[in-house]
Amino acid sequence: MAPTDTEALTVEHLHRWVLSGAHWRVVDISNHRVVVDLCACTGESVERRQSVDPTVIAYLRTAVSDLDLA
């Protein structure tokens, strides 16, 4: 399991992560919190982030990770 980072996840961080050639995967999502694994280009989990920001939760409810397409 990836270590949990104390820095909250943002939509901007997800965009930068993907632009660098990496991936992400939603681990858990509710109306109050989302947990995301940030993965290397190989799909291996590198870091786990979470957010309670309603904007991030709403984004991740509709966004599709390329890891979900595999």
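Analyst: Axes are lines fitted to C-alpha atoms, for helices over the stretch in contact, and angles run from 0 to 180 degrees between N-to-C directions. Helices (H or I, at least four residues) and strands (E, at least two) are DSSP runs, numbered from the N terminus. This model is predicted: local features need pLDDT of at least 70, side-chain atom pairs pLDDT 80 or more, while totals for chains, interfaces and linings use all residues. Residues count from 1 along each chain as its sequence is written, and side-chain values use heavy atoms, without hydrogens or water.

User: Which strands stand at the edges of the sheet?
Analyst: The open sheet runs β1-β2-β3, with antiparallel pairing (at least two DSSP bridges between strands). Two of its strands have a single partner each, so one side of each lacks a neighbour in the sheet: β1 (23-29) and β3 (45-51).

User: Which residue of β3 is the bridge partner of leucine 38?
Analyst: Strand β2 covers residues 34-39, and six bridges join this strand to β3. In β3, the partner of leucine 38 is glutamate 47.

User: What angle does helix α2 make with β1?
Analyst: Helix α1 (residues 11-19) packs on the sheet, its direction about 20° from that of β2. Helix α2 (residues 54-62) packs there too, touching β1, β2 and β3. Its angle with β1 is about 110°.

User: Is α1 parallel or oblique to α2?
Analyst: Their axes come within 9 Å and cross at roughly 45°. Under 35 degrees is roughly parallel, over 145 roughly antiparallel, 65 to 115 roughly perpendicular, and the rest oblique. That makes α1, relative to α2, oblique.

User: Which residues of α2 make the contact with α1?
Analyst: Contact means heavy atoms within 4.5 Å. Helix α1 brings Val11, Leu14 and His15. Helix α2 brings Thr55, Val56, Tyr59 and Leu60.
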